[in-house]
Structures are given as structure tokens and as C-alpha cells.
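Here are a few friendly notes to read alongside the model. Please keep the 3D view open as you go through the points.

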Amino acid sequence: MIHPMCLRVTVFFVCIQLALFGVQVLLGAIPSYGMADLSKYGDTASGLYFYEEGFSLIFRMDLTGMVLAVPLSYQQLILAAVCGVVCFLILSPLRMGAMEQYWNVFRGGQVGVNRILYWLSQPLRWGKALVVEFLLQVVVRVVGLVAMVPSLYCIYRFYQITPSMDSYSSASTLYQLSGSLLFFLAVLFTFWFHCTLLPLRYCLAAHPEYSLGQVFRRGMASVQGLRKAFFGLRSSYLLWFVFSYLTHNAMDFFVLPYSSLGSMLFLQESARAKQQAVESQDIAL
């Protein structure tokens with residue numbers, strides 16, 4: 001992680017990532033939400049309210065005397081979608097390029113900041129990077145949102161049947177505990193699903209010449225029999241991932257190379273152990 005060129009590659013990628021985030025903020029492409037005093041909304045019920053320019057999501061929390069309001073205009077949604085796609089098209093190949101350079105640090109190969117741009121300039125590499133990153137960034141998030149639906153429903157029901165402390169009942173406790181437990185399980189499942197697909201990124205970065213079929217077969221095979229151990233390793237970085245998320249990925253200056261190189265070392269040693277096991281078996285035969 002402290003390899004000079006490794007740090008330069010990371011700084012280059014993270015600066016572009018933060019710059020694109022800054023552009024999104026300046027353009028107003030980042031959806032926002034706010035908490036407001038319940039008294040300002042009177043008898044407005046929880047729900048989705050449409051108006052000429054867009055719509056608003058209102059969620060009453062009578063027990064706390066607050067309202068969660070998410071105002072969204074159609075123009076903002078379109079802008080957010082366009083900016084999101086542009087950022088994805090740019091960052092996906094650059095991230096894969098950074099991963100390739102991390103592998104080169106292990107292999108003692110040539111490492112350079114300009115080399116991560118190859119993934120942008122070569123259509124075949126760029127396309128394969130988009131497919132893999134689409135799975136890791138889009139599909140995983142969609143699955144995570146679906147997994148959270150039961151917990152969100154429990155939370156919704158909790159506030160619906162508990163407008164005040166006087167109305168707190170055993171059903172309130174059940175919904176509250178169920179919502180918290182289901183939310184935790186949904187987050188854990190989403191993280192596990194991401195860890196399951198993550199070897200695809202490392203496999204493609206290590207072997208850019210592979211076809212997508214080879215990436216899927218060999219990437220998933222790289223952790224066969226070791227998925228629990230790999231999940232445990234990734235879980236050890238969980239607090240760092242939270243810090244990175246809370247700082248809008250600014251902490252990736254440290255977290256990205258730290259977690260990536262650790263995972264790559266795990267896969268490298270796993271492959272070496274499997275190879276030695278095969279060779280030992282051949283000798284025994």
C-alpha cells in the first residue's frame with residue numbers, strides 16, 4: 001500500500017472521483033432530503049405527492065414529532081441519471097486500471113499513473129470493465145434495496161400504529177425489533193453478495209486479456225471453498241468502508257489500496273496453495 005506508484009495511482013483515481021462528485025453537487029444532480037417539524041405539515045399523511053414539476057415523498061414520524069421529506073423534481077431526476085451514467089462510464093474503466101496497477105505492484109511489473117487510462121482508450125477493455133462494474137455497483141445496490149423492503153415496511157408500520165408513547169404496545173415492540181433486525185440482515189446480505197462478485201473485478205484486472213466468460217468462471221473459482229474466509233477478510237475492513245462512505249469516498253485515498261491489496265494478496269496466496277495441493281497430489285500419484 002505504501003508503494004510510491006501505488007499511492008500515485010490511488011490519488012489520481014480518487015481525485016477524479018471526487019471531482020466528478022463535486023460537479024454533480026454543483027449541478028444539483030444529488031437528490032437531497034430533510035427532516036422537518038411535524039407541526040409544519042399538519043394532517044398531511046405519509047405518502048407520495050405529485051405536483052407539476054415533480055413529486056415529494058413524505059414520511060410522518062409522529063412519535064418523534066418529525067417528518068422526513070424528500071422533494072424531487074423531474075429535471076433533477078433526469079440530471080441525476082445523466083450524471084450518474086457519465087460518471088459510471090468514466091470511473092468504471094479507471095477503477096479497473098487502478099486495480100491492474102495494484103496487481104503489478106505484487107508482480108514487480110511496470111506501474112504508472114498513465115497506464116490506468118488504457119482502460120478508457122481500449123474499447124474491449126472498457127466494455128468488459130463496464131459489465132463487471134455494472135454487476136458490482138448497480139445490480140448489488142438494486143438487490144440491496146429489494147432486500148431492505150421488509151425492514152422498511154416494519155418501520156413504516158411501527159410509526160403508523162405508534163403515533164405517541166401512550167399508544168406504544170407489544171405490536172409496536174415487535175415491529176420495531178423486526179425492522180431493526182431485518183435491516184441489519186439486509187445490509188449483511190448485500191455486503192455478502194458484493195463480496196461474492198468482487199473476485200470478478202480482481203480477476204479481470206489481473207488478466208485483461210480474458211473474455212467475460214473466462215472472467216466469470218475463473219473469478220468465481222478463485223474463491224471456491226474459501227468464500228467464508230474471503231467474506232471474513234472483507235468484513236474486517238467494514239469500518240473503513242463506513243468511514244469512506246461518510247466522507248463521500250474521500251477516505252478512499254487510504255481505504256481503496258488497503259482493502260484491495262489485502263484482498264489481492266488473499267487471492268494470490270489461495271491460488272498458490274491450490275497449485276501446491278495439485279502438485280503434491282500429482283507427486284503422490
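**Notes on the model**

1. Leu145 sits in helix H4. Helices here are DSSP runs of H or I with at least four residues, strands are runs of E with at least two, and both are numbered from the N terminus. Leu145 counts as exposed because its relative accessibility is 59%; exposed means over 50% relative accessible area, buried under 20%, and partly exposed in between, with a 1.4 Å probe and protein chains only. From Leu145 to Ala171 there are 26 residues in sequence and 25 Å in space, C-alpha to C-alpha.

2. A word on the basis: this is a predicted model, in which local features need pLDDT of at least 70 and side-chain atom pairs count only at pLDDT 80 or more, while totals for chains, interfaces and linings use all residues. Residues are numbered from 1 along each chain as its sequence is written, and side-chain values use heavy atoms, with hydrogens and water left out.

3. On the overall fold, the protein chain has nine helices and four strands, in the sequence order α-β-β-β-β-α-α-α-α-α-α-α-α. Its C-alpha trace spans about 75 × 45 × 35 Å along the principal axes. Of its 285 residues, 36% are buried. Among contacts (heavy atoms within 4.5 Å) with a separation of 6 or more, 69% join residues 24 or more positions apart.

4. How do H4 and H6 pack? Helix H4 (residues 123-161) meets helix H6 (residues 212-221) at an angle of about 40°, and their axes are 10 Å apart. That angle makes H4 oblique to H6, oblique being what remains after under 35 degrees (roughly parallel), over 145 (roughly antiparallel) and 65 to 115 (roughly perpendicular). The axes are lines fitted to C-alpha atoms, for helices over the stretch in contact, and angles run from 0 to 180 degrees between N-to-C directions.

5. The residues making this contact are Lys128, Val131, Val132 and Leu135 on H4, with Leu212, Val215 and Phe216 on H6. By class, the H4 contact with H6 holds six nonpolar residues, no polar ones and one charged.

6. What about the cysteines? The whole structure has zero disulfides, a disulfide being a pair of cysteine sulfur atoms within 2.5 Å. The sulfur of Cys83 has its closest cysteine sulfur in Cys87, 6.3 Å away, which is too far for a bond. Cys195 is in no disulfide either, and its nearest cysteine sulfur, in Cys203, is 17 Å away. Cys83 is buried at 11% relative accessibility, and Cys195 is buried with a relative accessible area of 4%.

Conventions:
Ala, Val, Leu, Ile, Met, Phe, Trp, Tyr, Cys and Pro count as nonpolar, Asp, Glu, Lys and Arg as charged, and the others, Gly among them, as polar.
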